[in-house]
Amino acid sequence: MGTRRNGFSKRESCVLSVDVGTTSIRCHVYDKVAKIRGSCTKKVSLLYPEPGRVEMDPEELWQGFVSVVKGAVQSGLEMSQMEAIGISTQRATFTTWDAVHGVMKMLHFLTRRKRFLAASLVVFTPQHVSLRLLWALQNLPQLRQAVDEGTCLFGTIDTWLLYKLTKLVHATDYSNASSTAIFDSYQMCWSGFLCSLLSLPLSIFPKVQNTHNFGSSDPSIFGVPIPIMSVMADQQAAMFGECCFHTGDVKITMGTGTFMDINTGNKPHTSVALYPLVGWKIGSEVVYLAEGNAAGTGTAIKWAQEILFSDVKDTVVMANSVKDSDGVCFVPSFSGLQAPLNDPKACAAFMGLKPSTTKSHLVRAILESIAFNKQLFDVMLRETRIPITKIADGGVCTNDFIMQLTTDLLGRKISRPAHFDMSCLGAAFVAGLGVYWKSKEELKKLQMTDRLFLPQCGKGDCCNGAVYKPVLQNWEEALQRSMHWYSQS
């Protein structure tokens, strides 16, 4: 059933929250002060039917979802105490299912090949659902047949889970819909233009509704109906969990990938480097975000762990054991380069290797490459022209070397939250808002900081200082050399 930990002392109402990620499904039970009272985690199985293609079994995903909920609500907890459930899901996966004949497999992440890029359609990357849906329509005859016969339903992971939870509802929320690149964030509806390009009827798409309140789960699943009070995309949920409620608030998530989101208020912002998203829609309030991201952050760490170190905790000591990376640069583009360069055909690479290069130099170069999200930060400053503050979260933010270097490069203080599952917490906050917690101001009081990092390299923007300016310049040159590597494949 997965691993669980519980510690519940008295009977009181709680909020359930489930975060469905690329590699795991996590469920936490939160009490009134946002303390975790029960947890359960289960790994997600990935299928690799052929090179460049990754799939998930949607039925297995659903069973995993049910399993972690039941696993978290044990040892003194009862389902009847769960006042609401919130759901946060990763955004790069979609599923189609035949309303008559059952389920097809999920298509998760397609890279490297020209046919996956579909660059002539729109200037989006293979991360977006739209391009992979186009590929599926062109390469899976049974999918096109179901669309033509009017029996096909489309949805991202949240839609599939809602469909199974309620045994009826075919819906999504605005945050997930806006992440597909098939949704018009300005008109707040599915894009008729893109649907016509894909030859898709609007009828296959789920109803888009507010982030808050999706009815209740079928009582046969957990024994009692549990109100489904929030459904959110993971990065938007993390933004809410960080209480980034005001225009100019910024979240830097360093987990599986690096995601930088800025609250742009009640207006969407579009540029080449930043993608407009709906953060959340609660009641009449609509909050927009602009996002830039760099894939491969977590992948780089996991890859390096196989050959350079055994415990991730050792990387801080290794990186600090040398004064610099000995001129070595690491390009962490295992899935291409995202904003601001946007080249899906770039390759991952070490550059500047010498006979004097040690494992510690390589580790330092890898950690530095993750902290060099300053490039994205500068773009965000320049293009939004919004005064900003920063909050960091995500798995890699536990690494003190990365956090301190990021702080020094940006020249601003960064707080590391005590809660690391911010997507889960954010979905819980939205789920409990109005029924468990009365206001956003109350949510702010629940925030806990693990550590506040302060710039140590002088005033202002340390990138312009003598220490890291040449290092950053060499790294940017390495990025350029890695680009278009897969253009002939």
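Let's start with M380, which lies in helix α13. This is a predicted model, so keep that in mind throughout. M380 comes out at 0% relative accessibility, so it counts as buried. And what is M380 in contact with, once we leave aside its neighbours within four places in sequence? The list is V250, M260, D261, I262, L274, A290 and R385. Take D261 from that list: M380 and D261 are 119 residues apart in sequence, yet their C-alpha atoms are 8.9 Å apart in space.

As a reminder, an α-helix has 3.6 residues a turn, so residues three or four places apart point the same way. Then, just after α13, R385 takes a positive phi of about 55 degrees. R385 is also one of the residues M380 touches.

Okay, zooming out for a moment. The chain has 17 helices and 25 strands. Of its 489 residues, buried ones make up 58%. If you take contacts between residues at least 6 apart in sequence, 72% of them join residues at least 24 apart.

Now for the rings. How many aromatic pairs does the structure hold? There are 18. One of them is F154 with F205, and that pair is edge-to-face, with 5.2 Å centre to centre and 65 degrees between the planes. It links distant parts of the chain: F154 sits in strand β11, residues 152-156, while F205 is in the loop between α7 and β15, 51 residues apart. Are these two buried or exposed? Both F154 and F205 are buried.

Compare that with W303 and F350, a tilted pair at 6.1 Å centre to centre and 40 degrees between the planes. W303 belongs to helix α10 and F350 to strand β22, so this pair ties together parts that are 47 residues apart in sequence. On accessibility, W303 is at 33%, so it counts as partly exposed. F350 is at 23%, so partly exposed goes for F350 too.

Ring pairs link F94, F154, Y174, F183, W190 and F205 into a cluster.

Where is H170 in the chain? It's in the loop between α5 and β12. With a relative accessible area of 16%, H170 is buried; the cut-off for that is under 20%. A polar atom of the H170 side chain lies 2.9 Å from the backbone oxygen of F154. Not counting residues up to four places away in sequence, H170 touches W97, L153, F154, T159, Y163, I204, F205, P206 and K207.

K167 has a positive phi of about 60 degrees although it is not a glycine. At 54% relative accessible area, K167 is exposed. Another one of this kind is S199, also not a glycine, with a positive phi of about 55 degrees. S199 lies in the loop between α7 and β15, and at 46% relative accessibility it counts as partly exposed. For context, most residues other than glycine have a negative phi.

On to helix packing. α10 and helix α12, residues 359-371, pack at an angle of about 170 degrees, with their axes 10 Å apart. The two helices are therefore roughly antiparallel to each other. Who makes the contact? From α10 it's T297, A300, I301, W303, A304 and I307, and from α12 it's K359, I366, L367 and I370. So W303 turns up again, on the α10 side of this contact, as well as in the ring pair with F350.

Over in strand β22 we also have A349. Its relative accessible area is 15%, so A349 is buried. A349 touches C329, F330 and V331, again not counting residues up to four places away in sequence. Its C-alpha atom is separated by 7.0 Å from that of P332, which is 17 residues apart from A349 along the chain.

Last item, charges over rings. The charged end of K32 sits over the ring of Y436, 5.1 Å from its centre.

Note on methods
Residues numbered from 1 in each chain as written. Predicted model: local features only at pLDDT ≥ 70, side-chain atom pairs only at ≥ 80, totals over all residues. Heavy atoms only, no water. Helix = DSSP H or I, 4+ residues; strand = E, 2+ residues; numbered from the N terminus. Phe/Tyr/Trp six-rings, centres within 6.5 Å; stacked < 30°, edge-to-face > 60°. Buried < 20%, exposed > 50% of the residue type's maximum accessible area, 1.4 Å probe, protein only. Lys NZ or Arg CZ within 6 Å of the ring centre and 35° of its normal. Polar contact = N/O pair within 3.5 Å; in protein donor to acceptor, adjacent residues only side chain to side chain. Contact = heavy atoms within 4.5 Å. Axes fitted to C-alpha atoms, helices over the stretch in contact; angles between N-to-C directions. Parallel < 35°, antiparallel > 145°, perpendicular 65-115°, else oblique.
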